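The exercises below ask for a careful reading of one model, and each task is followed by a solution that goes step by step.

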Amino acid sequence: MTQALRLHRAFERIWGTPRGWRGTLSTVNHSTLGVRLMVTAFAFFLIGGVLAMLIRAQLATPGSAFAGPDIYNQLFTMHGSIMMFLFAIPMFEGFAIYMLPKMLGARDLAFPRMTAYGWWCYLFGGSLLLIAMVLGVAPDAGWFMYTPLSSKPYSPGINSDFWLLGITFVEISAIVTAVDIVVSILKLRAPGMSLDRMPLFAWYMLVTAMMMLIGFPPLILGSILLELERAFGWPFFDAERGGDSLLWQHLFWLFGHPEVYIIFLPAAGVVSTILPVMARTRILGYGWIVGAILALGFLSFGLWVHHMFTVGIPHMALAFFSAASTLVAIPTGVQIFAWLGTLWAGRPQMKLPMLYLVGFFVTFVMGGLTGVMVAVVPFDWQAHDTAFVTAHLHYVLFGGFVFPMLAATYYWLGHVTGRQYSYTLGKAAFWLIFIGFHLTFFLMHIVGLLGQPRRIDTYPADIGWTGYNLLSSVGGFVTAIGFGLFVIDLLLQFFHAPRTRRNPWGAGTLEWAMMLPPPSYNIASLPQVDDREPLEAAPDLALSLARGEGYLAEPRNNWRETLAVETASGRIDHIVVLPGNTLLPLWTALVTGAFFVLMLLGLYAWAPVPLIGVAALGWRWAWVQGGKQPFGKLPIGFGDEACVHAEVQGSPGWWGNVFFLSANGTFFGSLLFGYAFLWTIAPNWPPPELLTPSVPILAIGVAGAAVAALFGRRVRALKGPVAGLAALFVALIATVWLLAPSPTSHAYGAVLAVLLGYGALHVALAILIGMFVVRRRGAGYVAATLGAEPRIARLWIDYALATGATALIGAHMPALLA
Amino acid sequence: MTPLLRSVSGLILWAVAFSAIYAIQGLSCALGWDAIGLGGPSLARSILIATYIVSVTILAWLCWRLRPSSGTRDFLAILAFASSVIGLLSTIYTGLPVFWLSICS
């Protein structure tokens with residue numbers, strides 16, 4: 001038996017997924033879950049596409065009786081929501097989950113159970129929306145759910161609740177996946193892969209995932225607030241009781257604009273990966289592109305008000321956002337020129353992925369240019385809410401995301417299936433999609449400028465829009481036929497194509513240094529990387545890695561091992577022992593789902609039960625990890641040694657908590673923004689009645705926070721800080737229970753309830769985590785004595801005391817000063 | 001982590017300056033600072049211009065501070081300098097409206 005085969009069998013025993021339904025439900029393998037995410041997202045894309053066809057059928061002729069206005073509202077709301085939340089984001093997440101470890105020379109992502117949990121949450125949350133659609137009660141207030149249209153008086157049915165709860169459920173998946181991706185990119189790379197040797201796709205995903213951590217919390221907050229208003233009558237967005245519908249718009253677009261770049265950047269990463277291979281050269285301007293991505297990541301947060309140019313905001317504020325909106329075109333332009341330069345410098349071949357990239361260039365550049373047009377305030381005032389904007393956003397998203405992902409499909413499909421591409425149907429599909437798309441949406445620019453508003457279900461025959469709409473609809477169906485061909489092509493390739501050879505495109509990145517399709521463990525040994533394109537210098541790397549001529553080549557203790565590196569330099573830091581297959585993610589997702597279903601059914605009294613269940617499962621989740629025996633330094637190959645992650649301070653778990661808490665901090669920051677916004681901008685303020693201030697309660701809380709902050713810091717003792725937090729908890733609960741005005745009477749009381757509730761919840765969580773680590777220490781777990789667990793508990797304690805004290809002081813101060 | 005944070009420090013400062021200027025603009029209107037005259041420009045405009053100048057100065061200092069030594073090949077150091085230049089230019093450009101546009105209408 002050859003060495004490679006022996007290793008393959010040994011690793012497959014450790015990393016493989018058992019056959020049968022139990023294996024299917026319990027797998028945490030990133031390749032399996034990545035493919036599942038992509039297939040699910042594609043299914044949602046087809047559903048969203050069918051809805052688009054129904055929209056175009058309705059609009060093809062004036063006065064159409066195809067779908068009434070009520071159904072039509074559900075059609076366009078579901079089309080937008082599905083494409084944004086259930087197709088685009090999960091599609092690139094699935095792609096990143098599948099591809100990143102392979103490109104980075106790792107065996108899996110940092111948190112495999114979280115990967116699985118994310119998929120289940122996405123599947124269940126998305127299914128809720130589909131159930132709503134089948135029952136005929138799908139959301140119908142538009143995909144950005146503007147209040148007061150989506151508030152109870154104007155949307156009394158359950159439709160909007162399906163959106164708010166279903167999408168929030170899916171967002172949980174987005175947040176955990178983003179943490180997973182960030183930590184994997186920063187820590188789980190092949191030895192020697194310093195940040196400047198990282199494939200560009202990893203840079204794109206690093207920035208994208210960071211943007212998700214900052215961009216999604218405002219939307220989650222907005223959804224929670226709106227659901228609280230709808231369920232319990234807490235008036236955050238009701239102007240009569242001190243709320244403001246503009247608060248929803250701010251929170252939504254604080255998410256919504258970065259979202260466009262969150263969708264575009266992974267696709268641009270795909271372009272930056274495929275294009276140089278097609279041009280048979282290296283990417284031009286690696287450093288310039290990294291700088292441009294970072295600039296985009298930040299600048300794209302300064303654009304959100306450009307969706308609100310017509311709501312009556314002062315000129316100066318409009319100008320800030322108009323300036324930022326035009327500015328953001330520059331880093332995008334830098335990338336476009338880097339790609340053009342790469343084509344110029346290389347010897348491009350018009351293979352199928354390249355054809356789709358040409359489709360991307362043409363379409364996306366046009367979308368970018370109309371973007372600069374609508375960034376200019378006076379033009380936007382004319383075009384706002386017309387079909388022109390619909391056309392612009394489809395050029396950007398279809399051009400900037402769908403075309404690159406189609407290119408990616410043809411480029412990497414052989415990687416997933418292990419078969420080579422051998423049909424020409426893909427070319428016909430391209431032309432149908434390309435021509436169909438431009439026919440549909442180019443005309444929408446014109447009819448938009450002629451005045452056709454978006455989202456209308458019909459229009460008069462004599463207004464001059466009929467011809468454009470009919471041709472748009474024809475174009476839409478041509479696009480759909482193109483996608484039909486694409487699906488047939490995929491099936492043919494999947495079932496009939498011959499086996500592919502290794503690295504069919506002659507690429508230089510590590511994902512091609514393995515068997516195709518990839519085995520469960522990716523690589524039998526980890527390479528030492530000293531170039532951005534390791535396969536260029538060593539075309540036979542796949543064979544030598546399979547023979548075990550790299551790091552961690554010998555399986556030991558039935559562990560799923562991979563290496564963690566120092567963030568910047570890529571020097572070896574420690575060994576990560578990943579968890580194996582388990583049903584915990586499925587159970588946790590089911591219990592999480594139970595919470596959302598109970599909320600949806602209005603069974604509010606029962607809703608806390610699954611939350612307690614999630615806490616219990618979370619406890620179990622953390623408890624089953626690690627052991628009681630320290631191993632010290634273990635050999636990893638080439639004479640090197642490293643500790644396992646349970647015995648180091650900077651384990652992936654620590655990093656994961658840091659990034660999770662930064663997302664959480666953004667949530668809290670958005671809440672404070674909401675409080676300040678309502679206080680200064682909303683009508684009907686100041687509130688009729690302020691909180692009754694109590695100096696003793698405030699003093700108890702602040703003293704508790706001070707004890708938690710100051711005690712046990714150096715020796716990592718936890719009992720003192722936990723006692724301090726308990727005092728803070730009592731003060732927060734007493735304030736909300738005894739001192740604050742009713743949350744239903746005025747937005748002031750509602751905001752206070754959420755602020756203090758948030759503080760109390762996090763203080764309780766930190767107490768729980770502190771107790772967990774104390775118990776683990778007592779039981780003798782290595783990670784709780786030598787490892788990062790006390791440090792993680794300290795992180796949570798610090799976060800909880802800071803937010804809890806801020807909430808307490810923020811609630812008392814205005815009343816004390818008044 | 002610190003080198004990575006340093007490599008985006010200029011952009012973080014842009015975000016801080018942008019948010020501060022937008023927040024001061026909103027706050028000034030809510031508190032009526034636009035109507036308080038200080039001889040020449042209103043109180044609101046004076047504070048906005050002062051914030052703008054302070055932000056630009058800090059970012060210019062950061063560019064100077066992070067300038068890479070000649071011939072360096074340290075990727076993150078060059079990135080840090082580039083991001084501070086981008087931060088500086090972005091702050092100069094996005095903050096320009098403080099000088100002449102109407103603040104509260």
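**Exercise 1.** In this predicted model, find which residues have the most contacts inside the largest nonpolar core, and state how many residues that core has.

*Solution.* The largest nonpolar core has 308 residues, and those with the most contacts inside it are Leu100(A), Val182(A), Ala407(A), Leu725(A) and Leu728(A). Turning to what supplies this core, helix H8 of chain A, residues 245-278, gives the most, with 22 residues, while domain 1 (510-535 + 542-645) and domain 2 (686-817) of chain A each provide at least three. For one of the residues named above, Leu100(A), the contacts that remain once residues up to four places away in sequence are left out are Leu109(A), Ile181(A), Ser184(A), Ile185(A), Ala202(A) and Met205(A).

**Exercise 2.** Describe how domain 1 and domain 2 of chain A are placed and how they touch.

*Solution.* Taken over C-alpha atoms, the centres of the two domains are separated by 32 Å. Their contact takes eight residues from domain 1 of chain A and seven residues from domain 2 of chain A. On the side of domain 1 that touches domain 2, the residues are four nonpolar, three polar and one charged.

Notes. Residues numbered from 1 in each chain as written. Chains lettered and ligands numbered in written order. Predicted model: local features only at pLDDT ≥ 70, side-chain atom pairs only at ≥ 80, totals over all residues. Domains from an automatic or database assignment. Contact = placed C-beta atoms within 7 Å. Nonpolar A, V, L, I, M, F, W, Y, C, P; charged D, E, K, R; others polar. Core = buried A, V, L, I, M, F, W, Y, C linked by C-beta atoms within 7 Å. Buried ≥ 20, exposed ≤ 12 C-beta atoms within 10 Å, placed from the backbone. Helix = DSSP H or I, 4+ residues; strand = E, 2+ residues; numbered from the N terminus.
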